[in-house]
Each structure stands twice: as C-alpha cells, then as structure tokens.
Amino acid sequence: MTTSRTDRVAAARLAWAALKLTRAGRHPVSVERLAATVGVTPAEARRLVELIGFTLHRDLVSTGPAPRGAHHRLEPAEGTLGAGPDGTVDMFLLAVATGERVHAAATCPVTGTRIRIDLTAHAIVQADPPSAVVAAVDLGFGLEHADAVACAGQPFFASAPAAAGWLATHPGGRIYQVAAYLAQAHRLVAALEARPRFVL
C-alpha cells in the first residue's frame, strides 16, 4: 500500500506515542488517549493504527508484544527488555520510550563476533566489544523519514572496518559508535515530539 508523506509522518508520531503509552506493548492504551496525545481525532487515530498494523481490539490499541518490525522480548529474570539476534537497533528508541534498561545480543554478520549492548535512555551501560558500531542509513531528522529510521533494522557490526562492506552497498549510510547512535535516537525523538501543544 502506497502512503503519502503526510500519512507517514502522522503514523510515525502515532507509533512513537503508542510505544511510550503502552510501555512497549505491555499495557494497551485507549484510542481516545492515543488520539489526544498525538493531536488527531479518534477516527484518524484508528485509521493510522490500521495503517501501521498495530492491534485495535474494541477501543484499546496495542503494539503487540514488540514494536512492529522489531524483535524485542521481555526478560523478567533480568528485568530488562531485549533485542533479538538479528541486531536491530530500534532498541535505542525502546530505551528512550520506556525509560528501562534494554539489552541486545547480536552477531556481527562479517566477523561472527558476538555483540552485547546494554543501555538506558541516557547511557550505554555496556558495549562488548567496545569497538561495536551501528550501521544506519543517514536519513537526517525530517519526519518524512522517521518510519524508516525506526523500522529499518540497521545492523550492529563488531567494528567500523567490519561494516565497510555494508557502507559500500548503502550510499548515504553512516557508521556510528554505539553511544553516538543513542544521541541520534534522542534527536529523532525530539523530532517526533516537536509539536508544542502535545507533549508525549
């Protein structure tokens, strides 16, 4: 389904609000509250929820057990949220949204090195190996690209040299140290929340 730029921007804002309000899918939120938070009518919120692919049951919206396109799971024993072995980096947004510690385990697709990242909304607790990087398409922070930033599933690599092949096949791509990518996530969140009347 082709969507307009306006729909993509609205959907990205609604998806962000839903991620925060549902605490990463653990607590459904009413359509009315979601609509009020984003600044749209309940009918428009319903349409966007359907466009995004979130679950709408009666008047409750759920992002499901994980944000769409992500592979996060709750790990009660550790009390952290986790990202799966494919190494998606939308976990950075998850940490910012929930304020909780998030854990990712990935394997570098080039070297086979195991990568472990633990972070909170404001700090990298662990990056192992320390040379680990995030490969991301540099989309800037215009909201027309926010859906792609959140859902592209950018991989982790063990080091910048290991990511060189990815960089060559992704014109406009960038390699970020893990801490720098957390700062990028905060800039994206600032863009998503840039509406002065509606603070998420």
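Among contacts in the protein chain that link residues at least 6 apart in sequence, 58% bring together residues at least 24 apart; a contact here means heavy atoms within 4.5 Å. The model is a predicted one, so to speak a computed picture, in which local features need pLDDT of at least 70 and side-chain atom pairs count only at pLDDT 80 or more, while totals for chains, interfaces and linings use all residues. Residues are numbered from 1 along each chain as its sequence is written, and side-chain values use heavy atoms, with hydrogens and water left out.

The protein chain holds 7 helices and 11 strands, read as DSSP runs numbered from the N terminus (helices: H or I, at least four residues; strands: E, at least two). Of its 200 residues, 46% count as buried, meaning under 20% relative accessible area with a 1.4 Å probe, protein chains only. The accessible surface comes to about 9400 Å², and 57% of that belongs to carbon and sulfur atoms; such areas come from the Shrake-Rupley method with a 1.4 Å probe.

Three strands form an open sheet in the order S1-S3-S2, with antiparallel pairing. Strands S1 (29-30) and S2 (55-57) sit at the edges, each pairing on one side only. Two strands pair if DSSP finds at least two bridges between them, and S1 is joined to S3 (residues 60-62) by 2 bridges. Across that pairing, serine 30 stands opposite leucine 60 in S3.

Helix H2 (residues 31-38) has Val31, Leu34, Ala35, Thr37 and Val38 buried. They cover an arc of only 165° around the axis, which puts them on the same side of H2; the arc is taken from the directions from the helix axis to the C-beta atoms. The cover over these buried residues includes helix H1 (5-21), S1, helix H3 (42-52), S2 and S3.

What about the nonpolar cores? These are sets of buried Ala, Val, Leu, Ile, Met, Phe, Trp, Tyr and Cys residues joined through side-chain atoms within 4.5 Å. The largest has 37 residues, of which Trp16, Met91, Phe92, Ile117, Leu119, Phe156 and Phe157 touch the most other members. At least three of its residues come from each of domain 1 (5-62) and domain 2 (81-193), with bounds from an automatic or database domain assignment. A second, separate core of 16 residues includes Ala10, Val31, Leu34 and Ala35.

How values were computed: Buried < 20%, exposed > 50% of the residue type's maximum accessible area, 1.4 Å probe, protein only.
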